[in-house]
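User: I would like to learn how to read several features of a structural model. Could we take them in turn, beginning with the ligand site?

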Amino acid sequence: MFWLPNIQTRSTRIIRLERVMTMENKGLPQSSVLRELESRLSQDFAYNSGRIIGSMCTFPHPLARKVYTRFLDRNLGDSGLFPAVVKLEKEAIHMLGTLLSNPKASGHIVTGGTEANALALWAAKKLSKKKRCEVIVPASAHYSFDKAADLLGLKIVRVGLNSRFQVDVEAIKKAVNSNTIAIVGVAGTTGLGVVDPISELSEIAIEKDLYFHVDAAFGGFVLPFLKELGFDAPDFDFSLPGVRSITIDPHKMGLAPIPAGGILFRNERLRKAVAWNVSYLAGGETEQATFVGTRSGASVIAVWALLKHLGKVSYKRIVRSCMSLTRKLAGEIQEINGLDIVIEPAMNIVGIKSAVFDIRRIAKELRLRKWAVSLFPNHIRIVVMPHVQKQHIEQFLKDLKGIVNKLGG
Ligand SMILES: Cc1ncc(COP(=O)(O)O)c(C=O)c1O
């Protein structure tokens, strides 16, 4: 009933497609819907296969899955109905704020890094009195800033990187003009996991009185633990006085279910800049300071539960284990003739480059072997997330060597 036959005329194909795509009249038994879903979705990549090595997401922690499904009716868009969830969100933000050196931070668990970054730029715009607003971002900044700027009518000015793939501080200084309202630094770039010189950017922001946002969507759940593990992790958070907001995503290294991004403002005044009052809701008048209206309370509850359950000790253990595999991977790639790493990994992201082979060809061969790697203009990105285990890295290296032999021979 659900499947398209292999041999079809054009007209039977159209009829069959309609049957698949249109809503059932009578409805199907749950068991047959579930059977179809199991069968069709089994074709997707699965985290536990270890083949997803180019994504910043991972399999959510079992506790998070449990509480998420248990409380998935909670809607923070109508927060008056769910005061207990509002309180949990405040506590989750307080815990994240404390992790980022500011227990007084104010913010929300949002849909992801994209929404968090957009909220930061929105706040910067609302707080500025300028008419033509420009935001300076590193060339390495995530494309969510371009999306946000398009929506908000801002001009994005991208500035170049230094030889360590960090934003060029002098270039930032030069790019500041009378239209500049904000600068952005990244603590864990999308492509390479590099941390910009956040403390220098903080000084510039103070000196020029600019809004300064740090995108630690990925690094927020890595850098604080790296520091405690004795790695050389630079300051990037609210301990730097110029930092006004930070993106930190629980649905990346925080092990939370999607959607769970985080936007933290230095104080309540900044958060209020993007707040709207809504009066008609069932729970009474409420204030929303996110882009979306109806939003998942279950995400918030899952983040709260994970922060409580895992605590610093477990997050540290997870980061330590990811870093140890990252180092193994980076070391062994350097041993392969014709391949190299782009830069020594600052966190659990490895960039693979080649002066000999076309990196797109290598990515294509890896994908043919069912490795879900991500491809940047000059490198392949591997993200060693918690679901990636030693045996997966070993198999990956074996396949990579095989590909290099094939292409070289
Ligand atoms: C540094 C950085 N910021 C923001 C984002 C956007 O996050 P999301 O996909 O959750 O919207 C990403 C995504 O990879 C990212 O790497």
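User: How far does a polar side-chain atom of Lys252 lie from an oxygen atom of the ligand?

Analyst: Please keep in mind that this is a predicted model. A polar contact is a pair of N or O atoms within 3.5 Å. In the present case, a polar side-chain atom of Lys252 is placed 2.8 Å from a ligand oxygen atom. The protein covers 83% of the 390 Å² of accessible area that the ligand has on its own.

User: How many residues surround the ligand, and how are they divided by class?

Analyst: A shell is read by counting the residues with a heavy atom within 4 Å of the molecule. Here 13 residues surround the ligand, and Thr114 and Thr190 are among the closest. The classes are 2 nonpolar, 8 polar and 3 charged residues. Helix α5, residues 113-127, supplies the largest share of the shell, with 3 residues.

User: How many disulfides are there, and how is that count read?

Analyst: A disulfide is a covalent bond between the sulfur atoms of two cysteines. For counting, the two sulfur atoms must be within 2.5 Å. The count in this model is 0 disulfides. Cys322 illustrates the result: the nearest cysteine sulfur belongs to Cys57 and is 14 Å away.

User: Is Cys322 buried or exposed?

Analyst: A residue counts as buried when its relative accessible area is under 20%. Cys322 has a value of 3%, so Cys322 is buried. Cys133, with a relative accessible area of 5%, is also buried.

User: Turning to the backbone, which peptide bond is cis, and where does its proline lie?

Analyst: The angle to read is omega. The bond from Ile258 to Pro259 is cis, with omega near 5°. Pro259 belongs to the loop between β6 (245-247) and β7 (261-265).

User: What is the phi value of Ser101, and what of Asp209?

Analyst: Phi is positive for Ser101, near 65°, and for Asp209, near 55°. Ser101 sits in the loop between α4 (83-99) and β1 (106-110), and is partly exposed at 39% relative accessible area. Asp209 occupies the loop between α8 (198-208) and β5 (211-215), and is exposed at 59%.

Conventions: Residues numbered from 1 in each chain as written. Predicted model: local features only at pLDDT ≥ 70, side-chain atom pairs only at ≥ 80, totals over all residues. Heavy atoms only, no water. Polar contact = N/O pair within 3.5 Å; in protein donor to acceptor, adjacent residues only side chain to side chain. Areas by Shrake-Rupley, 256 points an atom, 1.4 Å probe, with all protein chains shown as cover. Helix = DSSP H or I, 4+ residues; strand = E, 2+ residues; numbered from the N terminus. Nonpolar A, V, L, I, M, F, W, Y, C, P; charged D, E, K, R; others polar. Buried < 20%, exposed > 50% of the residue type's maximum accessible area, 1.4 Å probe, protein only.
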